[in-house]
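Take a walk through this structure, beginning at a contact between two chains and ending inside one of them.

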Amino acid sequence: MRRYVIKRLLSLVGTLLGVSVLIFLMVHLIPGDPATQILGQFATPEAISQMRAKLGLDQPLWQQYMRFVGNLFAGDLGTSLFTGEKVWDQIMNRFPITMQLAILSVIIAAIFGILLGTIAAVKQNTIIDRLVVLTSLLGISAPGFWIALFLIWIFAYKLALFPISGYEGIHSLLLPAITLGMAEAGMIARMTRSSMLEVIKQDYMRTAEAKGAALFRIILSHGLPNAIIPVVTMLGLQFGALMAGAVVVETVFSLQGIGSLAIEAISKRDMPTIQGMVFFMALIFALTNLIVDLIYSRIDPRIHFD
Amino acid sequence: MKIHRWKQGALSVFVATALIAGCSLQPTNQAGNDTSAKGNTLVIASLTDPDSLDMHKTSWLSMENSLIYEPLLTRDASGKLHPRLAEKYEISQDGKVWTFILRKDVRYHSGDPMTAASVKDSFDRLLAISPVKGLAGPIEKVEATDEHTLKVHFSQPFAPFVNVIVGGLVSPLDAKKAKELGDGFADNPSATGPIIFDKRERGASLTYKKNPDYNWGPEYAANKGPLQFDSMMFRFMKDDDTRLMEFKKGTVHVLYDAPPNSVAELETLPGVKIEKAMDVGNKYIAFNNKHPLFSDVRLRKAVALSVDRDPLVQVALNGFGKPVYGPLAPTIYGYSEAIESKAKQLYTRDLGKAKQLLAEAGWTDSNGDGIVDKDGKPLSVEMLVSQEPAFQRAVQILQSQLKEAGIDMKISVQEMTTIKERISKKSYDMALMYYGWFDADILYLIFEKSNSTSRTHYNNPELDVLLNKGRLEMNEQARLKIYEDAQEILVNDMPWVPLWVSETVIATRGVKGFTVNPYTQGITLHDVTLEK
């Protein structure tokens, strides 16, 4: 197991190098010039040329890339062209909110999704099953901003249980987390349901039933552990995506997370920030996948990595 | 037993992750996020967090990052010039030396007195590091000839300088503090304003506190001493619905840049007042004047004559704006009522005239499909437009209006950054654009030969002569005449199509005396009071 983890981390370096090439090319292929953005509406061509030289944008792409990678190895993600802040500092200012939001969302999605999915599977082809499927479809389909505004209107504006917007500790993340969690719960519920339906048909389930085990125990002890593998995969992917920011929800709730930082950087062509952030997101996503794989072997001892 | 271990393992993963999140979380100052509009704090809902609070490092001065700075001269709400940090000023006979006599009672937030030497240091810093220093003109050097006398030397006369000052570009900052703090000055700025920087949570809020020693308010303010509230906070929210709900809830006093279509609803709320402030610039259609089609003045005029500006203002802006036909907005120094009237007379919508001009240029509807064509090719042009909602609504109206004249306009939605790049590369037909500046010198920045490559690619030697003279002429009446002549050329040649001036809509509640000065685009804080 330890050897496997080390091997995965080493291959992660290769992955991240590949990511850095893609990031670099992608950023430099976006039309739009950071120099004109910095200099404002009335820049003269001379001023633009000087600014491009100062930013190093007049150098060949390969030289710019080598500088970028060199800085990466030194642990330096660069400095924002606009705010003058270190990219790492900007990310760390915003990441805690995104992190908490992602964790809360995944917890909500897991609890409701797995619960509803399991109920639907056990009650297959009944009215309960159809209600769960319909509800999960609704959760998947409803646009995030609509759910967000609906929740804000009721719980923040009318009932005044939560702040309408902004970050005031974990309490203020509940509405955004529910917004995100509802959509994810729909996916989890459907995944759990179909996975559980497969499991219910297995011989060992019939054996457990024949031995007189209680229904609850059959489902929780024999069924769910076997059904949970693909659900964990789904949760891992969702968690990784959330760690990259949930832009729409961040906008509606005025949360200053990583997603909104990314949008701002892109609209201004703040290249160092874009590069640094995408790299960071890729790193988080890859690490999340590794953790998910490790969770597999705890859930199902037959899955092991050497 | 296996189940038990599984549950324990899963729980420990979540707990560990939550702990990591908790440890990495920066301490949140609850007081800084107090969103109830209480405790004598003026709360303003705003759209955009400024990129830097260091005035010399930002490329965009806005209300949020400029209120701590004060200019040497300013204008009141009617546009009249007033002394500010400078008691008086004079210009040398040759126009190259501007002399300012500074007030003697002004202090920076650090406690240091504002002297001519400190203002010189501020100028030197601006000229050394500001990305937009070119806008300040051809300054050769700045000197402090005594404790309160400042001289600015230009390599050649620069008449727009008074409006550069009013616009706030060269306002003094505490250069000594800036030198001490280096890059950290942006996180702890010091200047002469009635408010002092308090704290900032990037992307979320920006808080200032009252300057208790302030006693140099402007002539036109009733209150010249310290502000009448203890602090003010900008809260940054991008989503219109969220901002509206915060305002309705009462957590913010001022909804800055309220969505125009929300005004009818806001006015029904008790205690709500709607203010509006005209921008210092136009929205306009930028032609590619090097384009095969639009190098022909007749086509440009045909477009101008196809446009009906009133529906643009009523529908796209919900009435919060003013149609313009001439080059300058009424808030810009150098605006001419005579030119505006003439332009309006010439370019009020007239489809008959538009079609006639198109026909003269060889474009007629030969196949009866409603679109004019020439040699079998239909007149089809592309309009670049940003995602901004008002622009989106406007461009659809323009599309149908031009179609009635036989012009097939296709809409291409792009990011503003991309639009600017395509304009500079002449890779466009038309674009819906905007500008903002305080002086008619804006025409030099847009149309003068060495500058127009980044805007309209328009070249007119006669206009160049006038625009250069406008920078050199120090006599005010003569200068205004120069710009009137320049504007007349623009009206006759129509290298762009001015459309409207926007008005920023501001909703307030629980506040008295909150106004925005259109000539400085700033809030006059001095007479603002909070209702209990």
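**A salt bridge across the interface**

Lys238(B) and Glu264(A) join their side chains in a salt bridge, at 3.6 Å from N to O. The term means a side-chain nitrogen of Lys or Arg within 4 Å of a carboxyl oxygen of Asp or Glu. The rule finds 3 salt bridges across the interface of chain B and chain A. Over all chains, the structure holds 34.

This is a predicted model, where local features need pLDDT of at least 70, side-chain atom pairs count only at pLDDT 80 or more, and totals for chains, interfaces and linings use all residues. Residues are numbered from 1 along each chain as its sequence is written, chains are lettered from A and ligands numbered from 1 in the order in which they are written, and side-chain values use heavy atoms, with hydrogens and water left out.

Now the wider interface. Chain B gives 52 residues to the contact and chain A gives 48; contact means heavy atoms within 4.5 Å. About 4,300 Å² is buried between the two chains, and carbon and sulfur atoms give 57% of that. Buried area is the accessible area (1.4 Å probe) that two parts lose on being put together, summed over both. On the chain B side, Arg202(B), Met245(B) and Thr417(B) lose the most area to chain A, together 15% of what that side buries.

Next, the sheet in chain B. Four strands form an open sheet in the order E4-E5-E7-E6 (chain B), paired antiparallel. Strands (E, at least two residues) and helices (H or I, at least four) are DSSP runs, numbered from the N terminus. Two strands pair if DSSP finds at least two bridges between them. Strands E4 (86-91) and E6 (139-146) of chain B stand at the edges with a single partner strand each, so one side of each has no neighbour in the sheet. The twist averages 20° from one strand to the next; axes are lines fitted to C-alpha atoms, for helices over the stretch in contact, and angles run from 0 to 180 degrees between N-to-C directions.

Strands E5 (97-102) and E7 (149-154) of chain B pair over 5 bridges. Phe100(B) has Leu150(B) as its bridge partner in E7(B). Helix H3 (116-129) of chain B lies across E5, E6 and E7 of chain B, at about 165° to E6(B).

Finally, a salt bridge within chain B. Arg84(B) pairs with Glu70(B), their closest N and O atoms 2.7 Å apart. Arg84(B) lies in the loop between E3 (81-83) and E4 of chain B, and Glu70(B) in the loop between helix H2 (63-66) and strand E2 (73-75) of chain B, so the pair ties together parts 14 residues apart in sequence.
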